[in-house]
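I opened my notebook today to look up a few things in a structure and jot down what turned up. Come along and check each entry with me.

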Amino acid sequence: MAADLEAEVQAIDKNLLECSAEEIAVKWLQANDLQKEVYQHLAYYVPKIYCRGPNPAPQREDMLAQHVLLGPMEWYLCGEDPAFGFPKLEQANKPSHLCGRVFKVGEPTYSCRDCAVDPTCVLCMECFLGSIHREHRYRMTTSGGGGFCDCGDTEAWKEGPYCQKHELNTSETAEEEDPLVHLPEDMVARAYNIFAITFKYAVDILTWEKENELPGLEMIEKSDTYYCMLFNDEVHTYEQVIYTLQKAVNCTQKEAIGFATTVDRDGRRSVRYGDFQYCDQAKSVIVRNTSRQTKPLKVQVMHSSIVAHQSFGLKLLTWLGSVIGYSDGLRRILCQVGLQEGPDGENSSLVDKLMLYDSKLWKGARNVYHQLFMSSLLMDLKYKKLFAIRFARARMLITEENLMTTIIKTFMDHLRHRDIQGRFQFERYTALQAFKFRRVQSLILDLKYVLISKPTEWSDDLRCKFLEGFDAFLELLKCMQGMDPITRQVGQHIEMEPEWEAAFTLQMKLTLVISMMQDWCALDEKVMIEAYKKCLTVLMQCHSGFTDGEQPIVLSMCGHSVETIRYCVSQEKVSIHLPVSRLLAGLHVLLSKTEVAYKFPELLPLSELSPPMLIEHPLRCLVLCAQVHAGMWRRNGFSLVNQIYYYHNVKCRREMFDKDIVMLQTGVSMMDPNHFLMIMLSRFELYQIFSTPDYGKRFSTENTNKDVVQQNNTLIEEMLYLIIMIVGERFSPGIGQVNATDEIKREIIHQLSIRPMAHSELVKALPEDENRETGMESVIEEVACFKKPGLTGRGLYELKPECAKNFNLYFYHFSRAEQSKAEEAQRKLKRQNREDTALPPPALPPFCPLFASLVNILQSDVMLCIMGTILQWAVEHNGYAWSESMLQRVLHLIGMALQEEKQHLENLSEENVVTFTFTQKISKPGEAPSNSPSILAMLETLQNAPHLEVHKDMIRWILKTFNTIKKLRESSSSSPVVETEGNIMEESSRDKDKAERKRKAEIARLRREKIMAQMSEMQRHFINENKELFQQTLEELDTSTSGVHENSPVISDAKLTALGPEQTRVAEPRQVVMCILCQEEQEVKVDSRAMVLAAFIQRSTVLSKNRNKITPDPDTEKYDPLFMHPDLSCGTHTGSCGHIMHAHCWQRYFDAVQAKEQRRQQRLRVHTSYDVENGEFLCPLCECLSNTVIPLLPPPRVLFNRLDFSSQPNLTQWIKTVSQQVKALHLLRNEDCASHSGHSEKMDQLQLPEGFRPDFKLKNPYSESIKEMLTTFGTATYKVGLKVHPNEEDPRVPIMCWGSCAYTIQTIERILADEDKPLFGHLPCRQDDCLTSLTRFAAAHWTVSSLSAVQGHFCTLLASLVPNEKNGNLPCILDIDMFHLLVSLVLSFPAIHCQDFSGVSLGTGDLHLFHLVTMAHIIQILLTSSTEENGMDQENTNSEEEVAVLTLYKFLCQCTGSALKEISSGWHLWRNLKAGIMPFLRCSALFFHYLNGVPAPSEIQVNGANQFEHLCSYLSLPNNLTCLFQENSEILNPLIESWCNNNEVKRYLEGKRHAISYARESNKLIDLPDDYSCLINQASNFSCPKSGGDKSRAPTLCLVCGTMLCSQSYCCQTELEGEDVGACTAHTYTCGSGVGIFLRVRECQVLFLAGKTKGCFYPPPYLDDYGETDQGLRRGNPLHLCKERFKKIQKLWQQHSITEEIGHAQEANQTLVGIDWQHL
Ligand SMILES: [Zn+2]
Ligand SMILES: [Zn+2]
Ligand SMILES: [Zn+2]
Ligand SMILES: [Zn+2]
Ligand SMILES: [Zn+2]
Ligand SMILES: [Zn+2]
Ligand SMILES: [Zn+2]
């Protein structure tokens, strides 16, 4: 069936290809009714090309469509072969100077913060780099796809609209030239025709809704085939769709994933193809399966012809887009066609039609037509503007003339629910949905868009239109005034939290619009005054009748009285939403800024104002906050708490809280302050307390209800705070005589008074304007110093010391927590500076004239009465309900008044009389009947009150300032007042300091004692309970455990030799260590209980020179790791935190962990950061991830080196002897296998070398417990290193142990070399301990493995250098890592040596083995040396070494049959050899040092000259290495010949294969670009390798090898060990043997992965100018590479600490454990 279909398709294709585009075009040119002709053509051919089967075949379809459908159109358009026509057009074209580049998903875009007209104006990377904005302050974002580059649009940029590239184009073309003049007339006509027909066709078919018919086209094909089309929605998850599809259309999971991916990407995908019933059935299954959850998935059964035409419709749109790219004239024509009004009148153009249908189109189609619009309408300057209006009209049905009004009215239409007063009413459930509703949101956006560019000139018409819009806006605000009213709940807690979010969302979204409205008003005085009047009128409408029905009450105090209404916030309705009042407050401030306000205030519409009415509602709102704070509204639940929070929050406060304060300030400035205060007292429900003498006493004593006392105290505190704010907050231009930067400076000063802050923290704490700017950058340097970050952390701004004097403890934007933190910080600062700790109010700028009278509130009678009353309570402190906070606020207010008076006096000009006489008023005693003492007298009393110690400094400051003012008044001369109190105060502060220090010392002592107590506790319970404490004591313990090793005996520095018969003898010190678990000490001895180090073994590719190598499966292929290839493609690394335990203590601990984890996993199914089943655990002391333990051993060599005669064989003799021994062993081995019977006779034939006793069995010297640990660690190394199941019997176990020892030493040598550190003396203790035990362990491991196996390994290893007839097929010397070979040979040698009683010492063997391998390495280096005789400043010394190495090289040339390149410079050879062999010698020095314990000579503990010579001496090598060959030429020459006479070596010399050359370079992480946007750009050009050119969603860069991956996506999941894993995890297995370091480019985040279950995020090495990272790229500041931080990541990698880092991160943050790392 499928084959039939295929054949049929091919036949049709063949047929189709015979069509001639030219002929068809000619027919069309002659046609009378072109549309009919074209439609017929399409009706016939489109279904033959598209949708011939169940799956789309885009390549075939494109090819045929081009040939049969588009070809004729192109011929028709050009009137000739388009292959000639289009290039002609292109040449004649004068290109646009608009860039118009359409952004891909994830592409970087740039906006200039200095020049962009609004933040939506962006540049593409290319334009940006060529523009002037590069040097400006810019912001970088990644595009979400769509959108285009605004380069060249003069209206988008205040400056520099063109980049260099587009600038060029402007010089040639005149601005408004009609591009059509460049086109021949007939072509213009043809273009109109064909564009009109094809565009209409595409629009009609794409917006077509019927399933069985076509628009204006005949259904030619009746072969009723259908598609079941699945559409995208935002409701269903990927998983739901996949699951449903598997059920509905019987597909595999893979296919379902494919369908789902396409649906998600394109918006639709056919999931079934066949007859109607067949498709309909699938549809119903899908609908049934998904309707249960929410809304069913959208599925449609569509006729294949319709789908075919729709596919071609899209193709046509793309085609149009590309055709107009040839010529601006064609573009203009398409614009005209698209915008031409259709037959249905208004809004019936093709463009309108598409836009109106926009939301119904599927994603793929929407993308295509948006692209067309962007490349057509928006690229044509003339149509760009027209289109913008059209766009607005089509979407919102508004008229150009009254944009604002219409938007707002539309908006109001959407919010129809109102209460009886006409206010918005939001219902639960629907309310939030309404706001998520795109349309409402986009309306607000549109409004912002309209307002964003402010007019520079006002016409009368504009004024009129704006004010009309303002009216509409007021209507909107009126509906918000008083919405969501609340009543205090008494008795019972509310049952249901009321809906509040919708109203706040609305307020929040409108905040910027409200601010922008005010900005507009501020631009024109006439508009402003009109707007003010309108706003006032609306406010009066809102409050009309607010006094109705209420009997006014009269309040009187201190001889003043005022009439007001009876109203209690705690009993009646109150609302937080007062946008009309607040808008009026805003306008009032703006009005105050105008010239009129200074010169002719009588012209302002102020007379109509009724101050009590203005303040009423804002005051209620503030009282509500105070009452909530006092706990009176507890029963109203969290919704109220949240509202109060947002009311003060930085996102809302500008148009809420701030404006309420302004309104109160406005009120006070226009009324008698005594009246104001009485009304305020009344609203705070405190009037009684202050108006009745001695009421205070009663309210504390008679009323025993503590809650009420507490409540009243808080209310009084809050009210005083409010007065402080009313008087003190004058930093907005218009209120105080300040400029705009003063306001922002003050905000920053107060933020930084809390603590130093990072740039982003500051930005978050400051309000943003409509351009997302806070204005901070322009002033920050005046008030703060920037401190650069170190390797971690971020850059911080610190407050400049001179700014501290501006600190106001009662700054109105402090939260309570911030206030107390700031207070503490500032007092501390003062103490540090040895100043008194008073925090007096700062000197304030004067008020603007309109607000000037406000200050009188401080000296008003009622205010003085309140102050006096509270001071009185403090004086007679017993029996009154008062609080220190209350007193503190009163003192602050007094301070403010004094500052005010002082400033008045200081700025005294001759004609003015100072009317502010606070000092005089507070000196007067109270009048009868109370006869209270004067405020001043009370302050003097309080100064010495013992219960007010904290406030003493402040009271002293007040009295001092009082005296200063008095003197100022007395002497009009402004001579400075002498301070007499200075000395005393310093004295006392010094005393205080002393006491403070003493107190601190005491605290420290107590803490130490606590730690000691807990330490002893720890000895009994060793599990990690006191984590923090451990961390603190860790360092002490660290030094104490490893301190033991330091006690090595002092050895004369004469000559230290690490190995061989001449090895320096050292008496190993007694090694006593302490178990971290039981805290017992024990000596490390052969026969005692084992002590172990926590260790972590991992596979590693850090040193790999070949990341693509696939290691054979160790299980199935019997992979033999005996020889390490010099590409070091995969090694086994062992690391340790250096913490020591008893083996049995560790066992107990591990069992406990295991049991606990099993229980926990059963119960909670939680994951841990470590995999217990895999033997992982955390070090009980430092929580370092570990997976095994290494036993601690005494130096192992001493144990086996029992014989030591003076005469030792030379290398030649020794090799001969060993060869014989090897041969004997081979024979014996074969014997064993062949027959067990004839054992003895064959043994006789065998010639055993002298003293060799192969039947001798060495007694294992180690205790049982040590043996057990040797096996444990060996097995763990084997298991991890080969990724196999543990099997202690496997002969590969010892190989893996030696390998890990060699590999770990190599990694450490590399790290030291890279950091330019000397070889010895610079390793941290933990690494030193780890290497010692690892080497000793590897040397001892043979005692617990099969002797014959180890002997076998030795024989094979040796055979690679000394060939014998038994071991064929070994790797050639080019393919062996010589250091691994050395370690394995030396460590396996004792297995043979232990049976050798001939008197040869172990040391001799070591030395000969070392020399042999060294020589092999020299040959290896010389063979692979890529020496270039480049005539580099060669010194003509002809030293002994150079001559010798040249001789050796010539010999090599002979051996290789002259295949080796000829080199005549001994100097180069020797230099090359020295450099090449250095790493090997360094590794060997480390190895023998740890093996034999000989201390390193002091010369190699520092960097210095002659390192090579010192190393040679320590390693018992001649300085002239080639001497080795000369001394042993007898045996070496044949060996060298045999090495060279190898097929692989020959192939290499013939250039047929590659070989590693030396010295191998250290691996580094990839180079990263300095500018982060380069990476973003690179990532945006990266497409998913699996889904044909699609953009990847999470492009992720491997920092090890530089591969870009498509992470976190279904498309690139692969199967690994039976599980689906994401691209990153899969990549780690080949690139990093399970460990990976990535950069998630879009998130700007480093990702560490280890295995399938472990991972963490790590800060990226990119910082902005403020020293901060931007994870998630939210802030968009330019980011640059921080080399130090990148080095740190690289070091983590080189040190194999990635897994450990992940472990720590996961322990610290449990949510990381739950992430599905494997899917990344
Ligand atoms: Zn551009
Ligand atoms: Zn440009
Ligand atoms: Zn700029
Ligand atoms: Zn112990
Ligand atoms: Zn540890
Ligand atoms: Zn990689
Ligand atoms: Zn992919």
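Below are my entries, from the whole chain down to single residues.

**Ground rules.** I am working with a predicted model, where local features need pLDDT of at least 70 and side-chain atom pairs count only at pLDDT 80 or more, while totals for chains, interfaces and linings use all residues. Residues are numbered from 1 along each chain as its sequence is written, chains are lettered from A and ligands numbered from 1 in the order in which they are written, and side-chain values use heavy atoms, with hydrogens and water left out.

**Whole chain.** I looked up the secondary structure and found 62 helices and 25 strands. These are DSSP runs numbered from the N terminus: helices are H or I with at least four residues, strands are E with at least two. Next I checked burial: 56% of the 1720 residues count as buried. Buried means under 20% relative accessible area, exposed over 50%, and partly exposed in between, with a 1.4 Å probe and protein chains only. The chain exposes about 76,500 Å², and carbon and sulfur atoms supply 50% of that area. Such areas come from the Shrake-Rupley method with a 1.4 Å probe; for residues, only the protein chains shown count as cover.

**Zinc site.** Which residues coordinate the zinc ion (ligand 7)? I found Cys-1584, Cys-1606, Cys-1611 and Cys-1612, each through SG, at 2.2 to 2.3 Å. Donors are N, O and S atoms within 2.8 Å of the metal (3.2 Å for Na, K and Ca); water is not among the atoms, so sites may look incomplete. Along the chain, the donors of this zinc ion follow the spacing C-x21-C-x4-C-C. Cys-1584 sits in the loop between α59 (1572-1580) and β17 (1595-1598), and Cys-1612 in the loop between β18 (1604-1606) and β19 (1614-1616), so the pair ties together parts 28 residues apart in sequence. Cys-1584 is buried at 3% relative accessible area, and Cys-1612 is buried at 6%.

**Ile-955.** I found this residue in helix α40 (residues 952-970). Ile-955 is buried, with a relative accessible area of 0%. Setting aside neighbours within four places in sequence, Ile-955 is in contact (heavy atoms within 4.5 Å) with Leu-891, Leu-939, Leu-942 and Gln-943. I also noted that Ile-955 and Glu-940 are 15 residues apart in sequence and 8.1 Å apart in space, C-alpha to C-alpha.

**Gln-665.** Buried or exposed? Gln-665 counts as buried, at 0% relative accessibility. Gln-665 lies in helix α27 (residues 657-670). A polar atom of the Gln-665 side chain lies 2.7 Å from the backbone oxygen of Glu-729. Not counting residues up to four places away in sequence, Gln-665 touches several residues, including Met-725, Ile-726 and Phe-851.

**Aromatic rings.** Rings of Phe, Tyr and Trp (its six-membered ring) pair if their centres lie within 6.5 Å; planes under 30 degrees apart count as stacked, over 60 as edge-to-face and the rest as tilted. By this rule I count 43 aromatic pairs. Tyr-647 and Phe-657 have ring centres 5.7 Å apart and planes at 75 degrees, so the pair is edge-to-face. Tyr-647 is in helix α26 (residues 637-648) and Phe-657 in helix α27, 10 residues apart. Both Tyr-647 and Phe-657 are buried.

How values were computed. A polar contact is a pair of N or O atoms within 3.5 Å; within protein, one must be able to donate a hydrogen and the other to accept it, and residues adjacent in sequence count only if both atoms are side-chain atoms.
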